[in-house]
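Here's a model to get to know. Take a look at it first, and then we'll walk through it together.

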Amino acid sequence: MSMFDVFGIASSAMHAQSMRLNTTASNLANAESVAGPDGQPYHAKQVVFQAQRMGSSPYATGVQVQQVVESAAPLRLVYDPKNPAADARGYVSMPNVDVVEEMTNMISASRSYQTNVEMLNTAKTLLQKTLTIGQG
Amino acid sequence: MTKLDDLLSFHKTAIDLRTQRQAVIASNIANADTPNYKARDMDFSNALRGAVQGRAGQPLALATTASRHIAMSGMATAPNLQYRPEAQSSVDGNTVDMDSERSAMAENSLQYEASISFINGLLKSMQTAIAGTNG
């Protein structure tokens, strides 16, 4: 048990949050992608977080990305008969990315990331203070 | 040497517990977005009292009162931890309240630095006592 556990916890959270930010970036970038590599419209992806015991200490719980799931929301149908991807009735299946939801997700992820950086800095300051014991 | 150890041991115990509590708060902050995670915290004064009386940090072990009982090394539970009461409920079952975690983090690190200052002060007094002068 030591203050170094805090580094592990905070960095696990930063890793998880940056992965969340990554999926958000992919979703926003592909919000209008009619066809992905497999020829199907892009499906929004979301990360699933899971608490994870760090080492043997019962006090330290980090976080990990358990899996990345594809959104089950229905695809957005847009009437555009001129589009080559349009079906027989003239509708184009657009990705099921909710841009507003992705933006709030992005803000939440970046705030969580910042808080964890702050946690890391606090632990570093405390360790540096500890190293000065007996020097004053 | 025993006198010097006694002098510093209280603050050493306090710093150990502060370190544990910092890890708990870091865990809460790290899991602020984890579904079904329940925020935990330490009752610090109780934990310190227990630690000073020498019964803290031990994993819960089974008492073996007969020869055929199986000794177990004990579960790696955290005996000092309690679940934080829920401030605002959320749909995903997470009970981390970022405001209280942030203030707990600031408070805990300040107390940690205070303990270090106390140790430094005690060491300075000891040095004065040994050297006999202030210079």
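What follows is a short tour, from reading the model to the places where its chains meet.

Residues are numbered from 1 along each chain as its sequence is written, while chains are lettered from A and ligands numbered from 1 in the order in which they are written. This is a predicted model, where local features need pLDDT of at least 70, side-chain atom pairs count only at pLDDT 80 or more, and totals for chains, interfaces and linings use all residues.

For the complex, the predictor reports an ipTM of 0.86 and a pTM of 0.84. Chain B has an average pLDDT of 84, with 86% of its residues scoring at least 70 (pLDDT is the predictor's confidence in each residue, from 0 to 100). Within chain B, helix 2 (residues 44-52) has the lowest confidence with a mean of 85, and helix 3 (residues 98-131) the highest at 93.

## Chain B at a glance

Chain B holds 3 helices and 2 strands, in the order α-β-α-β-α from the N terminus. Helices (H or I, at least four residues) and strands (E, at least two) are DSSP runs, numbered from the N terminus.

Of its 135 residues, 27% are buried, meaning 20 or more other C-beta atoms, placed from the backbone, lie within 10 Å of a residue's own.

## Helix 1 of chain A

Helix 1 of chain A counts 26 residues and spans 37 Å from first C-alpha to last, close to the 38 Å expected at 1.5 Å a residue (the expected span is 1.5 Å times one less than the number of residues).

Its buried residues include D5(A), I9(A), M14(A) and R20(A). The buried residues of this helix pack against strand 1, strand 2 and helix 2 of chain A, and also against helix 1 (2-30) of chain B.

## Where the chains meet

In all, 32 residues of chain A are in contact with 27 residues of chain B; contact means C-beta atoms, placed from the backbone, within 7 Å. Helix 2 of chain A gives the most to chain A's side, with 9 residues.

The axes of helix 2 of chain A and helix 3 of chain B come within 10 Å and cross at roughly 10°. Axes are lines fitted to C-alpha atoms, for helices over the stretch in contact, with angles from 0 to 180 degrees between N-to-C directions. The two helices are therefore roughly parallel to each other (angles under 35 degrees). Among the residues that meet here are M119(A) and L126(A) from helix 2 of chain A, and Y112(B) and I116(B) from helix 3 of chain B.

Terms used: A residue is buried if 20 or more other C-beta atoms lie within 10 Å of its own, exposed if 12 or fewer, and partly exposed in between; C-beta atoms are placed from the backbone. Two residues are in contact if their C-beta atoms, placed from the backbone, lie within 7 Å. Angles under 35 degrees count as roughly parallel, over 145 as roughly antiparallel, 65 to 115 as roughly perpendicular and the rest as oblique.
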